[in-house]
Amino acid sequence: MSEDARRCWDEQAATFDEAADHGLRDPAVRRAWSDLLLPLLPPAAVVADLGCGTGTLSVLVAEAGHDVHGVDLSPRMVDSARAKAAAAGVPAHFRVGDAADPAFEPGSVDVVLARHVLWAFEEPADVLGTWTHLLRPGGRLLLVEGHWSTGAGLTAAHLTDLVLRHRGEAEVTRLTAPAYWGGPVDDERYLLVSRR
């Protein structure tokens with residue numbers, strides 16, 4: 001990604017967690033995400049949280065006992081993520097890097113987790129190819145995406161097609177409940193899980 005993109009996300013870091021689904025400060029919103037994601041993780045998983053932002057999901061997953069490694073383009077987002085993990089007393093690891101081509105060895109993680117990241121890349125199919133090579137045998141993709149009222153994003157049908165170019169399964173769960181977002185939404189939001 002470009003220096004402009006890095007600068008844009010750096011500028012948003014200080015206020016990023018104000019959105020209910022970013023900071024998960026509301027216990028009901030945090031519980032909704034916990035109930036959604038944690039049952040999908042294998043025991044003691046190594047999780048790559050790509051485009052981790054301020055590390056909210058990373059910390060949520062690390063608190064459940066998983067080994068989480070977050071990557072984000074923005075140094076300020078990574079600083080926030082590190083501070084959040086330290087405040088929570090969990091050993092999540094964060095580094096500045098390109099989520100499209102993260103510095104992990106092939107076959108080194110159990111789960112690739114990304115929330116509202118894939119839509120931003122010019123070639124999401126290529127990025128998915130890179131991400132699938134990071135997975136160990138039996139590894140899982142957990143992709144939270146959407147197609148918003150602005151016209152930006154990826155439809156569930158489009159992302160399913162992209163995932164099935166690399167994987168044998170793509171299961172979509174619609175995330176329409178206000179509990180995930182801190183209020184009602186009128187656009188397409190979903191979780192795609194690929195276990196094989």
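**Close-up views of a predicted model**

**View 1. The surroundings of Asp187.** Leaving aside residues up to four places away in sequence, Asp187 touches His147, Trp148 and Ser149. The structure shown here, as in every view below, is a predicted model. Asp187 is placed in the loop between strand E6 (171-174) and strand E7 (188-194). Its side chain makes a polar contact with the side chain of Arg189, at 2.7 Å. Asp187 counts as buried because its relative accessibility is 16%, and buried means under 20%.

**View 2. The pairing of strands E6 and E7.** The strands on either side of that loop, E6 and E7, run antiparallel and are joined by 4 bridges. Within this pairing, Glu171 stands opposite Val193 in E7.

**View 3. The open sheet.** The sheet is formed by 7 strands, is open, and has mixed pairing. The order of its strands is E3-E2-E1-E4-E5-E7-E6. Strand E3 (93-96) and E6 are the edge strands, each of which pairs on one side only. From one strand to the next, the twist averages 15°.

**View 4. Helix H5 against the sheet.** Helix H5 lies across strand E2 (67-72) and E3.

**View 5. The contact of helices H1 and H5.** Helix H1 (residues 3-12) and helix H5 (residues 75-88) have axes that come within 7 Å and cross at roughly 40°. H1 and H5 are therefore oblique to each other. On the side of H1, the residues that take part are Arg6, Trp9, Asp10 and Gln12; in H5, they meet Pro75, Arg76 and Met77. Sorted by class, the residues of this contact are 3 nonpolar, 1 polar and 3 charged.

**View 6. The enclosed helix H6.** How many of the 11 residues of helix H6 (residues 124-134) are buried? The number is 8, so the helix is largely enclosed by the rest of the structure. The buried residues of H6 are Pro124, Ala125, Val127, Leu128, Gly129, Trp131, Thr132 and Leu134. What covers these buried residues includes strand E1 (46-50), strand E4 (109-115) and strand E5 (135-147). Helix H7 (156-164) is also among the elements that cover them.

Notes
Residues numbered from 1 in each chain as written. Predicted model: local features only at pLDDT ≥ 70, side-chain atom pairs only at ≥ 80, totals over all residues. Heavy atoms only, no water. Axes fitted to C-alpha atoms, helices over the stretch in contact; angles between N-to-C directions. Helix = DSSP H or I, 4+ residues; strand = E, 2+ residues; numbered from the N terminus. Parallel < 35°, antiparallel > 145°, perpendicular 65-115°, else oblique. Contact = heavy atoms within 4.5 Å. Nonpolar A, V, L, I, M, F, W, Y, C, P; charged D, E, K, R; others polar. Buried < 20%, exposed > 50% of the residue type's maximum accessible area, 1.4 Å probe, protein only. Polar contact = N/O pair within 3.5 Å; in protein donor to acceptor, adjacent residues only side chain to side chain. Pairing = 2+ DSSP bridges.
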